[in-house]
Amino acid sequence: MVLILAPSFALLFDQHIMDFSLLFPTVDVPVAVGAGFGFTVLYVGSIYLWHLVYINRPQTEQKRVRDRDDPGTIKRRFFSVTVASVISYYIITRLANPLASTEDIHAALGVRLEGLLPALIIPFLLVVLLFLGPLVQIYLDPYDRFFYHDSNLLYITRNVIVCPFTEEWVFRGCVIPLLLAAGLSHKNAIIVCPLFFASAHVHHIFAGKSVVMVLFQFLYTSVFGWLSSYIFVRTGHVMAPIIAHAFCNYMGFPNLTEIPRHPWMKTVAACYIVGLVGFFLFAKSATTPSLYDNDIFYLDDVNEMNK
């Protein structure tokens with residue numbers, strides 16, 4: 001049976017587009033959605049596991065464990081989310097067709113060399129264009145009132161390296177291929193995928209944030225998730241959304257309420273508009289699949305968004 005199936009499986013990838021339903025033959029919509037929420041629980045649960053470990057410790061230690069900015073907590077969470085990412089990858093390999101090569105599985109997860117260089121540069125520049133307003137707002141502020149940059153190396157490592165890598169790996173690299181295998185179109189996968197990512201941030205309500213703040217965070221993480229998912233599917237590289245995520249984390253949410261008080265208010269406001277309009281004008285052309293040798297998600301550029 002294996003000898004019969006192997007040639008047909010190889011022919012699939014000779015067509016230069018991956019059939020995710022054949023790569024993950026046991027995955028349907030309930031399995032894909034269940035895996036997505038499972039990855040979410042695994043990722044967030046790994047963070048709070050330490051609360052149980054320290055439950056019988058003195059109150060001072062328990063308080064430090066609950067403090068996300070405590071150096072010890074940050075390091076423990078580095079370990080937790082890394083383990084969660086590895087487990088998610090292991091689950092993906094177990095769901096994959098046993099006849100699939102490791103190279104095919106990695107390509108489905110956005111790990112490949114073809115088209116990597118433009119994937120590292122072009123989507124990043126696209127996101128920089130989106131942030132044109134905040135960048136000009138910061139640059140033209142003589143008092144540096146509108147941007148807080150934390151110089152703590154541990155905080156920077158968390159926000160710009162560990163979080164972007166692990167979150168994009170789990171919530172883009174591992175989830176989107178399963179959604180496509182379940183029969184969702186590219187568009188629907190891009191719409192659905194961020195819901196898992198956004199729900200992974202609801203846990204901040206347990207850290208003392210108000211319901212309004214948590215809902216707001218759910219909203220903007222959903223919006224970012226759509227952007228990140230779009231970049232992932234269009235480029236076929238997980239590194240593209242990782243770099244975009246790192247930049248967005250570094251910049252933080254735009255300080256919109258301070259625009260009227262800015263000494264260069266009209267210039268800053270104009271740059272916000274230009275950046276936003278420019279982003280939407282260039283988003284599709286800048287992520288044209290052929291630029292990234294993306295024959296994983298798209299057969300050609302003509303029918304790219306019709307699937």
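Is Gly133 buried or exposed, and what is its relative accessible area? Gly133 is buried, with a relative accessible area of 0%. The views below start from the whole chain and return to this glycine at the end. The model is predicted.

**Figure 1**
The protein holds 13 helices and zero strands. Read along the sequence, the pattern is α-α-α-α-α-α-α-α-α-α-α-α-α. The protein has 307 residues, and 46% of them count as buried. The close-ups that follow pick out aromatic rings, salt bridges, surface patches and contacts across the chain.

**Figure 1. Phe232 and Phe297, an aromatic pair.**
A search of the whole structure finds nine aromatic pairs. One of them joins Phe232 and Phe297. Their ring centres are 5.5 Å apart, with 70° between the planes. The pair counts as edge-to-face because the angle is over 60 degrees. It links distant parts of the chain. Phe232 sits in helix H11, residues 211–235. Phe297 sits in the segment after helix H13, which spans 265–286.

**Figure 2. Phe279 and Phe280, an edge-to-face pair.**
A pair of aromatic rings is described by the distance of the centres and the angle of the planes. For Phe279 and Phe280, the distance is 5.4 Å centre to centre. The angle between the planes is 80°. This pair, too, is edge-to-face.

The structure holds two salt bridges. One is formed by Arg172 with Glu168. Their closest N and O atoms are 2.8 Å apart. Why are Arg172 and Glu168 separated by about one helical turn? They are four residues apart in helix H9, so about one helical turn lies between them. Helix H9 covers residues 153–181. Arg172 is buried, and so is Glu168.

**Figure 3. Glu258 and Arg261, a salt bridge.**
Glu258 forms a salt bridge with Arg261. The closest N and O atoms are 2.1 Å apart. Glu258 has 17% relative accessibility. Glu258 counts as buried because this value is under 20%.

**Figure 4. A negative surface patch.**
Which residues form the negative surface patch? They are Glu103, Glu114, Asp293 and Asp295. Glu103 lies in helix H6, residues 102–108. Glu103 has a relative accessible area of 60%, so it counts as exposed. Asp293 lies in the segment after H13. At 44% relative accessibility, Asp293 counts as partly exposed. That value falls between 20% and 50%, which is why neither buried nor exposed applies. The backbone of Asp293 also deserves a look. Asp293 has a positive phi of about 50°, although it is not a glycine.

**Figure 5. A nonpolar surface patch.**
Phe79, Val83, Ile87, Tyr90 and Ile91 make a nonpolar surface patch. Its area is about 450 Å². Ile91 is found in helix H5, residues 71–95. The relative accessible area of Ile91 is 31%, so it is partly exposed. A patch residue needs over 30%, so Ile91 qualifies on this count.

**Figure 6. Leu126 and Thr287, across the sequence.**
Leu126 lies in helix H7, residues 116–130. At 5% relative accessibility, Leu126 counts as buried. How many residues separate Leu126 and Thr287 in sequence? They are 161 residues apart. In space, C-alpha to C-alpha, the two are 9.0 Å apart.

**Figure 7. Gly133 and Leu256, across the sequence.**
Here the views come back to Gly133. Its place is in helix H8, residues 132–139. Gly133 is buried, at 0% relative accessible area. Gly133 and Leu256 are 123 residues apart along the chain. Their C-alpha atoms are separated by 9.6 Å.

Technical notes. Residues are numbered from 1 along each chain as its sequence is written. This is a predicted model: local features need pLDDT of at least 70, side-chain atom pairs count only at pLDDT 80 or more; totals for chains, interfaces and linings use all residues. Side-chain values use heavy atoms; hydrogens and water are left out. Patches are made of residues with over 30% relative accessible area and no salt bridge: like charges are joined within 9 Å, nonpolar side chains (Val, Leu, Ile, Met, Phe, Trp, Tyr) within 5 Å. Accessible areas come from the Shrake-Rupley method with a 1.4 Å probe; for residues, only the protein chains shown count as cover. A salt bridge is a side-chain nitrogen of Lys or Arg within 4 Å of a carboxyl oxygen of Asp or Glu. Lys and Arg count as positive and Asp and Glu as negative; His and the chain ends are not counted. The place of a charge is taken as NZ of Lys, CZ of Arg, CG of Asp or CD of Glu. Helices (H or I, at least four residues) and strands (E, at least two) are DSSP runs, numbered from the N terminus. Buried means under 20% relative accessible area, exposed over 50%, partly exposed in between (1.4 Å probe, protein chains only). Rings of Phe, Tyr and Trp (its six-membered ring) pair if their centres lie within 6.5 Å; planes under 30 degrees apart count as stacked, over 60 as edge-to-face and the rest as tilted.
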